[in-house]
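Here is a friendly briefing to read with the structure open beside you. Take one topic at a time and look up each residue as you go.

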Amino acid sequence: MLENCFKLHLTNSLSLVIPAYNEEESIAAAIAEATRALRRLATDYEVIVIDDGSGDGTATAIQEAMTTDRNVRLISHATNRGYGAALRTGFDAARHPLVAFTDADCQFHLSDLSYLITRIEDHDAVCGFRVDRKDAWPRRFYSGCYNVLVRALLGVPVRDCDCALKLFRSDTLSNLRIETNGFLVNAEILTKLAMSGARICQVGVRHRPRLDGQSTVSPLYAIPVAFSLLRFWWTWVLFPHQSSSAAVEPVDNPVDNVVQMHA
């Protein structure tokens with residue numbers, strides 16, 4: 001079934017953005033998995049890797065990957081500007097009508113992009129949510145609390161705001177002004193899309209434990225992220241720049257998604 005799903009959507013042109021900061025240990029594997037998946041998913045594709053001012057050999061590893069696949073592109077920030085800034089750079093550089101993003105830590109099965117693609121025809125954005133999330137319990141706890149705050153304050157009823165497997169129409173992104181440089185960028189994107197009346201849905205995706213590299217997220221981020229979230233709520237929800245007309249569909253059944261993935 002998975003093979004048939006890939007063949008069905010082989011006419012798509014897709015850009016995949018991968019932000020990377022000090023990901024020397026995992027970036028080659030991330031690019032290799034991305035190119036394998038996209039060759040099967042799209043007639044034309046590009047993998048845009050944003051080296052966000054890394055201090056290790058991340059850029060060198062990306063350049064080596066470029067020698068084996070001309071569809072891999074490297075864009076470098078001279079200094080570390082943040083996750084949101086890296087996404088913004090990648091979105092601006094994307095050339096294809098469908099634009100996805102993922103992280104460089106290889107925690108997602110990129111073949112699952114197929115399930116997002118099946119929903120994009122009728123939507124402006126398709127968001128993954130992690131089924132059977134493999135992070136340690138403190139990370140899951142912090143994430144759960146954050147998602148509760150996002151839903152309560154911003155009114156965007158997504159299950160997993162920061163899941164790093166999302167797909168957009170490029171024209172949807174071109175009309176979106178992204179201002180956040182840090183990790184709040186997912187909340188900003190989804191809030192502004194919902195407020196603009198964008199059609200958003202959610203699809204369950206598989207998740208792996210992180211094996212290489214080191215996460216840049218820690219409990220120390222909780223306080224500044226909370227303040228940033230409150231500031232964003234004050235500016236965009238309590239005193240919104242534009243009226244809200246959210247059109248977010250209910251969460252898909254994660255059990256059904258798992259059955260489909262392994263059928």
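C106 has a relative accessible area of 19%, and because buried means under 20%, C106 counts as buried. Please keep in mind that this is a predicted model. The protein chain has 263 residues, of which buried residues make up 52%. Its fold includes 10 helices and 8 strands.

- Most residues other than glycine have a negative phi.
- C106 is not a glycine, yet its phi is positive, at about 60 degrees.
- You can find C106 in the loop that runs between β4 (98–102) and α5.
- D132 also has a positive phi without being glycine, with a value near 55 degrees.
- Look for D132 in the loop between β5 (125–131) and α6 (137–154).
- D132 has 53% relative accessibility, and since exposed means over 50%, D132 counts as exposed.

**The nonpolar core**

- The largest nonpolar core has 75 residues, and I27 and F91 are the ones that touch the most other members.
- Which residues does I27 contact, leaving aside its neighbours within four places in sequence? They are I18, A20, V49, T58, A61, I62 and A104.

**Helix α5**

- Helix α5 (residues 113–120) is largely enclosed by the rest of the structure, because 6 of its 8 residues are buried.
- The buried residues of α5 are L113, S114, Y115, L116, I117 and I120.

**Two helices that cross**

- Two packed helices are described by the angle between their axes and the distance between the axes.
- For helix α4 (residues 83–93) and helix α8 (residues 185–195), the axes come within 9 Å and cross at roughly 55 degrees.
- That angle makes α4 oblique to α8.
- On the α4 side, the contact is made by Y83, G84, L87 and F91, while α8 brings V185, N186 and I189.
- Sorted by class, this contact of α4 with α8 has 5 nonpolar residues, 2 polar ones and no charged ones.

**Aromatic pairs**

- How many aromatic pairs does the structure hold? There are 6 aromatic pairs.
- In one of them, the ring centres of F91 and F168 are 5.9 Å apart and the planes lie at 65 degrees, so the pair is edge-to-face.
- F91 sits in helix α4 and F168 in strand β6 (residues 165–169), so this pair ties together parts that are 77 residues apart in sequence.
- Both F91 and F168 are buried.
- W233 and W234 form an edge-to-face aromatic pair, with 6.5 Å from centre to centre and 70 degrees between the planes.
- W233 has a relative accessible area of 23%, so W233 is partly exposed.
- F91, F101 and F168 are linked into a cluster by ring pairs.

**Links across the sequence**

- Take the contacts in the protein chain between residues at least 6 apart in sequence: 83% of them join residues at least 24 apart.
- P209 lies in the loop between β7 (199–206) and α9 (222–238).
- P209 and Q107 are 102 residues apart in sequence, but their C-alpha atoms are 6.0 Å apart in space.
- Leaving aside neighbours within four places in sequence, P209 is in contact with Q107 and K134.
- Is P209 buried, exposed or partly exposed? P209 is partly exposed, because its relative accessible area is 39%.

Key. Residues are numbered from 1 along each chain as its sequence is written. This is a predicted model: local features need pLDDT of at least 70, side-chain atom pairs count only at pLDDT 80 or more; totals for chains, interfaces and linings use all residues. Side-chain values use heavy atoms; hydrogens and water are left out. A nonpolar core is a set of buried Ala, Val, Leu, Ile, Met, Phe, Trp, Tyr and Cys residues joined through side-chain atoms within 4.5 Å. Buried means under 20% relative accessible area, exposed over 50%, partly exposed in between (1.4 Å probe, protein chains only). Contact means heavy atoms within 4.5 Å. Axes are lines fitted to C-alpha atoms, for helices over the stretch in contact, and angles run from 0 to 180 degrees between N-to-C directions. Helices (H or I, at least four residues) and strands (E, at least two) are DSSP runs, numbered from the N terminus. Angles under 35 degrees count as roughly parallel, over 145 as roughly antiparallel, 65 to 115 as roughly perpendicular and the rest as oblique. Ala, Val, Leu, Ile, Met, Phe, Trp, Tyr, Cys and Pro count as nonpolar, Asp, Glu, Lys and Arg as charged, and the others, Gly among them, as polar. Rings of Phe, Tyr and Trp (its six-membered ring) pair if their centres lie within 6.5 Å; planes under 30 degrees apart count as stacked, over 60 as edge-to-face and the rest as tilted.
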